[in-house]
Each structure stands twice: as structure tokens, then as C-alpha cells.
Amino acid sequence: KTTAVPLELLRDGRLPGGVIVVTQPRRVAARSAAKRMATLCGEAVGESTVGYQIRFDRRVSPQRSRIDVVTDGVLVRKLQNDMALPDVAAIILDEFHERSAFSDVALTLCLHARSARQASGMP
């Protein structure tokens with residue numbers, strides 16, 4: 001499910017333009033999930049459709065990446081910088097049962113971001 005759901009959302013075409021952000025609780029899991037999805041797409045990580053961002057490491061193609069696998073902490077920082085996340089089409093909180101302070105804060109900020117997006121007329 002970690003790798004299948006984001007790819008299916010991308011292929012489905014119902015999401016508005018933007019990046020699908022997938023969270024992982026650990027850096028190793030973020031890298032591994034991105035690598036697996038890129039392999040399924042027949043690409044290298046960060047060169048086209050799939051990229052990842054973790055603390056101190058980033059492999060994303062700013063113009064072409066559509067799926068961005070991040071740690072919970074990176075998502076929290078993104079939300080703190082811009083609550084509306086105008087370049088994001090969907091956020092998938094994966095492995096949420098592995099609860100941490102970052103995952104709880106990320107969920108709370110995502111709920112606030114949804115309200116902010118709705119108030120500004122964004123989907």
C-alpha cells in the first residue's frame with residue numbers, strides 16, 4: 001500500500017495538478033519507498049516522477065516530481081513555512097500507527113491547512 005496508493009492516485013488523474021506528498025516516520029523508510037516507486041515507474045529517484053526529502057538529503061526534480069516522499073518532520077516544516085501548500089494536491093500520512101510527536105503535529109497542521117485551503121478557495 002505504501003507504494004501502490006500514491007502511484008494509483010497519480011495514474012487516476014482525478015487530483016488537481018500538484019505534488020502528492022507521502023510521509024514516512026523514518027528516513028530509511030522514506031528513501032526505500034521512493035526508490036521502490038521510482039523502480040515501478042522505470043525511473044531513477046529524483047530524476048522524474050518520484051523524489052524524496054529527508055533531513056540533510058533531498059532528491060527531487062522541482063519541475064517534474066509528482067510524488068514526494070518525506071519524513072514527518074519535513075512535512076511539519078513545509079506546513080510551518082506555508083500552511084496552504086499551494087503546490088500540493090494530496091497528503092498521505094503513511095505508517096501513522098507508528099505515532100510520534102512529529103506525526104501528531106503533522107496531522108494537526110494538515111487539518112489547519114485544509115481549513116486554510118478551503119477558506120482561500122483552493123481544493
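**Note on the structure: salt bridges, helices and cores**

1. The structure holds 5 salt bridges. The model is a predicted one.

2. Start with E98 and R26. Their side chains meet in a salt bridge, at 2.4 Å from N to O. E98 sits in the loop between β5 (88-93) and α4 (101-119), and R26 in the loop between β1 (19-24) and α2 (27-41), so the pair ties together parts that are 72 residues apart in sequence. E98 is partly exposed, with a relative accessible area of 31%. R26 also counts as partly exposed, at 44% relative accessibility. In general, side chains of opposite charge can pair when their charged atoms come close.

3. Next come K78 and D68. A salt bridge of 3.8 Å, N to O, joins their side chains. K78 belongs to helix α3 (residues 72-81) and D68 to strand β4, so the pair ties together parts that are 10 residues apart in sequence. K78 is partly exposed, at 22% relative accessibility. D68 is buried: its relative accessible area is 4%, and the limit for buried is under 20%.

4. Strand β4 covers residues 67-71 and includes D68. What else does the side chain of D68 meet in a polar contact? The partner is the side chain of Q53, at 2.6 Å. Leaving aside neighbours within four places in sequence, D68 is in contact with V19, I20, V21, V22, G51, Y52, Q53, V60 and K78.

5. A further bridge pairs R99 with D104. The side chains meet at 2.8 Å, N to O. R99 is exposed, with a relative accessible area of 54%. D104 is partly exposed, at 30% relative accessibility.

6. Now helix α2. The length checks out: at 1.5 Å a residue, the 15 residues of α2 should span 21 Å, and the end C-alpha atoms are 21 Å apart, which agrees. Just after α2, G42 takes a positive phi of about 75°.

7. Which residues of α2 are buried? They are A29, A30, A33, A34, M37 and A38. Seen down the axis of α2, these buried residues fall within an arc of 160°, so they line one face of the helix. The general rule is that an α-helix has 3.6 residues a turn, so residues three or four places apart point the same way. On the other side of α2, V28 and K35 are exposed. The buried residues of α2 pack against α1 (4-12), β1, β2 (50-54) and β4.

8. T49 counts as buried, at 13% relative accessibility. The C-alpha atoms of T49 and R64 are separated by 6.0 Å, though the two residues are 15 residues apart along the chain. Not counting residues up to four places away in sequence, T49 touches L10, E43, R64, S65, R66 and I67.

9. Where is the largest nonpolar core built? Of its 15 residues, V22, A34, M37, V50, Y52, I67 and V69 touch the most other members. β1, α2, β2 and β4 each supply at least two residues of this core. α2 gives the most, with 5 residues. As a general point, nonpolar side chains tend to be buried together in soluble globular proteins.

10. Residues up to four places away in sequence are not counted here. V69 touches V22, Q24, A30, A33, A34, M37, G51, Y52 and Q53.

Definitions and conventions: Residues numbered from 1 in each chain as written. Predicted model: local features only at pLDDT ≥ 70, side-chain atom pairs only at ≥ 80, totals over all residues. Heavy atoms only, no water. Helix = DSSP H or I, 4+ residues; strand = E, 2+ residues; numbered from the N terminus. Buried < 20%, exposed > 50% of the residue type's maximum accessible area, 1.4 Å probe, protein only. Polar contact = N/O pair within 3.5 Å; in protein donor to acceptor, adjacent residues only side chain to side chain. Contact = heavy atoms within 4.5 Å. Salt bridge = Lys/Arg side-chain N within 4 Å of Asp/Glu carboxyl O. Expected span 1.5 Å × (residues − 1). Arc of directions from axis to C-beta. Core = buried A, V, L, I, M, F, W, Y, C linked by side-chain atoms within 4.5 Å.
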